[in-house]
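Subject: Structure handover

Hello,

Please find the structure below. My notes on it follow.

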Amino acid sequence: ADQGFRHRISPCRLVIPITMAKKTAAPKDTALTLECTINLHKRLLGCTFKKRAPRAVKQIKDFATKTMRTQDVRIDTALNKFLWHRGVRRVPDRVRVRLARMPNTDEDAKEATFCLVTHIPVQSFADLGPQKVDSQ
């Protein structure tokens with residue numbers, strides 16, 4: 001339903017469309033690395049206790065899919081252990097991750113790129129926004 005513009009109500013109660021600037025993103029098949037903080041607390045609100053850690057993994061995959069625009073998302077084992085280290089119920093509220101979109105070397109792969117999600121340990125999440133990292 002969203003066609004690139006939103007509506008606002010004018011003083012005379014007429015609906016006036018407001019055009020929004022389109023974001024220019026990197027092409028899907030180029031290598032890209034981002035560091036982001038994912039707020040798992042708001043994504044797991046109201047979730048059954050015994051489903052919190054599996055849901056956290058799914059939410060991180062969904063976040064990476066939307067951010068990096070690729071369906072093939074792979075979670076690093078260190079990140080998985082960090083999510084599960086306090087058990088299935090007590091998932092951390094926030095996690096700092098590095099999203100790396102890389103070319104897929106497998107010949108029979110459906111997509112040209114995949115996203116690898118790794119954990120970045122931090123002391124505090126204060127003043128940490130999304131940052132673009134130079135790909136090595």
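I75 is partly exposed, with a relative accessible area of 22%. On this scale, buried means under 20% relative accessible area, exposed means over 50%, and partly exposed falls in between (1.4 Å probe, protein chains only).

Some ground rules first. This is a predicted model, where local features need pLDDT of at least 70, side-chain atom pairs count only at pLDDT 80 or more, and totals for chains, interfaces and linings use all residues. Residues are numbered from 1 along each chain as its sequence is written, and side-chain values use heavy atoms, with hydrogens and water left out.

Back to I75. The residue lies in strand 4. Helices (H or I, at least four residues) and strands (E, at least two) are DSSP runs, numbered from the N terminus. I75 stands opposite V117 in strand 6. Beyond its neighbours within four places in sequence, I75 is in contact with V57, I60, K61, N80 and V117. Contact means heavy atoms within 4.5 Å. K58 is 17 residues from I75 along the chain, and their C-alpha atoms are separated by 9.9 Å.

Two strands pair if DSSP finds at least two bridges between them.

- Strand 4 and strand 6 pair in the parallel sense, over three bridges.
- Strand 5 (residues 94-103) and strand 6 (residues 113-119) pair in the antiparallel sense, over seven bridges.
- The bridge partner of V97 in strand 6 is H119.

Strand 6 is mostly covered, with five of its seven residues buried.

Next, E35. The residue sits in strand 3. E35 is buried, with a relative accessible area of 12%. The side chains of E35 and R98 are joined by a polar contact of 2.4 Å. A polar contact is a pair of N or O atoms within 3.5 Å; within protein, one must be able to donate a hydrogen and the other to accept it, and residues adjacent in sequence count only if both atoms are side-chain atoms. Not counting residues up to four places away in sequence, E35 touches R96, V97, R98, I120, G129, P130, Q131 and V133.

Last, the backbone. Most residues other than glycine have a negative phi. R69 is not a glycine, yet has a positive phi of about 55°. R69 is in the loop between helix 2 and strand 4 and is partly exposed, at 33% relative accessible area. D127, also a residue other than glycine, has a positive phi near 60°. D127 lies in the loop between strand 6 and strand 7. Is D127 buried or exposed? D127 is exposed, with a relative accessible area of 82%.

Best regards
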